[in-house]
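Here is a short report on a group of neighbouring strands and the aromatic side chains around them. Look at the structure first, then read on.

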Amino acid sequence: MHDIIASKAQVSIPWEAAAPPFRHGADDDNLARSFEESLRISKEIDEQLLESKKAMEKKKKSVQILLLGQSESGKSSVLRNFHLAFAPKHFESERLAWKIIIQLNLIGSIKLILDVLQHEWDTSGDAEPKSPLNRDLRRIRLGLSPLLFIEQTLAQLISPGTHNHRDVCVRPGSNWKAIFKARAEVNFEDTSENGKRRRSQNHLGKDTDATSVLAASKDDILVLWNDPDVRAVLKRRGVRMEETPGFFLNDIDRIADPNYVPSDADIMRARVRTLGVEEHYFVIEKGLDVGSEVYITDVGGSRSQRPRWIPYFEDVQTIVFLAPLTFNQALEEDPDVNRLEDSLMLWREICRNKLLAGATLILFFNKKDVLASTLAAGVKVKKYVPSYGELPNEVASVTKYFCDKFRTYHRKLSPLPRPFMFHETSAIDTNSMGALLLGIRETILRAYLQQGEMI
């Protein structure tokens, strides 16, 4: 019995085995580093979540405005007018950045003319054009080629992959204003007293500076634009340059000047197409509500981008909806759809949306200047809007007709009673828009306060 017990005592039990001597190896170092990296990443995520929460709380305590309307309705021009009326210092700080956009708008018009002329001559089969301009076209195109290169280079810089678009396009987050502003400031101040140019440290160089090239090309541009044969070709092809957004060909003498600085009106007329949703932030600089923070969200108005509107409806206080009075124009993305009819359809959906039941709606019948010039040219409303019938072909009658249609949808479809507020506007008119925005300032701030927030 004693032997049995002794033999049991000698049995080696696995979990009681002596631990091998500790040896510090590479695997342990990797494990420690991996653990430290995980802690660092976790800490960064926590900090980002905290910052996002703070930013969200800050935004909830600010004035929030949503700009809605179809593409080319004038939303961006209204946004600039908000800056000019409420934050003039902020507006002034971006003036030189807009100079480059205006130059690009001008170059885009030149490019369009050259493309139309080339297409005309390619399809005419006339191997020996008789117009003196036609014979000089090769020289003019060659002389203007640096401008076309500049346009393509800048377009690729601020919005890669969109260089074939006829408008200046920017993507949210591209920081194009900062890039252009820095370059414009360098160009504006880069001549010292002794006449030597300082070296630019910006993304843009001389190969993307349109100022000097425009000045050198001014005569050729004037010849191209003022030639009666060119005007005839454009008219025959249905290209109405004066009606296109960002049209500056009648201002070549000013814009091609090396010392050109954009006026307020120039900036309002400048054309930039935002591809996506862009949020703008500024602080009110004057008035009783000075110091109030404002967030204005500008969403793309093309049909492909409208499904992205919904996430921005939640908690919105004020919607400024733009309906351009261009009754004789169709959507760019669908030539069978009338612009005003499309605006009416959009307004109907906005009014009936339950997420927006508590939002203040402000309707801008924009481009009243375009409406006046269209009617003055003899264009009949009933040709494009058959239901208009034999009503007077006058501005007041046309505006009242469409206003009644918008008011009807507003009254019938709104989930909760709310006042119908509308204004006839021309977003490129800084004087009238400034007075209007200051006038509706109280309405916007009242909507802000009604949501239980204090300024």
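## Strand S6 and its partners

Leucine 68 stands opposite phenylalanine 321 in S6. The strand that pairs with S6 here is S1 (residues 63-69), and the two run parallel, joined by 5 bridges. Two strands pair if DSSP finds at least two bridges between them. Strands (E, at least two residues) and helices (H or I, at least four) are DSSP runs, numbered from the N terminus.

This is a predicted model: local features need pLDDT of at least 70, side-chain atom pairs count only at pLDDT 80 or more, and totals for chains, interfaces and linings use all residues. Residues are numbered from 1 along each chain as its sequence is written, and side-chain values use heavy atoms, with hydrogens and water left out.

S6 is mostly covered, with 7 of its 7 residues buried. Buried means under 20% relative accessible area; exposed means over 50%, and partly exposed lies in between (1.4 Å probe, protein chains only). Thr318, Val320, Leu322 and Pro324 point one way from S6. Ile319, Phe321 and Ala323 point the other way.

## Strand S7

S6 (residues 318-324) also pairs with S7, in the parallel sense, over 7 bridges. Threonine 318 has threonine 360 as its bridge partner in S7. Leucine 322 stands opposite phenylalanine 364.

In S8, glutamate 424 is the bridge partner of phenylalanine 365.

## Asparagine 366

Asparagine 366 is found in S7. Is this residue buried or exposed? At 2% relative accessibility, asparagine 366 counts as buried. Its side chain reaches the backbone nitrogen of alanine 427 at 3.0 Å. That is a polar contact: a pair of N or O atoms within 3.5 Å, where, within protein, one must be able to donate a hydrogen and the other to accept it, and residues adjacent in sequence count only if both atoms are side-chain atoms.

Leaving aside neighbours within four places in sequence, asparagine 366 is in contact (heavy atoms within 4.5 Å) with residues including Ser73, Gly74, Leu322, Pro324, Thr425 and Ala427.

## Aromatic rings

Rings of Phe, Tyr and Trp (its six-membered ring) pair if their centres lie within 6.5 Å; planes under 30 degrees apart count as stacked, over 60 as edge-to-face and the rest as tilted. The count comes to 12 aromatic pairs. In one of them, tryptophan 347 and phenylalanine 406 have ring centres 6.0 Å apart and planes at 55°, so the pair is tilted. Tryptophan 347 lies in H12 and phenylalanine 406 in helix H15 (residues 395-413), so the pair ties together parts that are 59 residues apart in sequence.

Tryptophan 347 counts as buried at 1% relative accessibility. Phenylalanine 406 counts as buried at 0%.

## Charges over rings

A charge sits over a ring if NZ of Lys or CZ of Arg is within 6 Å of the ring centre and within 35 degrees of the ring normal. Arginine 231 lies over the face of tryptophan 225, at 3.8 Å from the ring centre. Arginine 348 lies over the face of tyrosine 409, at 5.6 Å from the ring centre.
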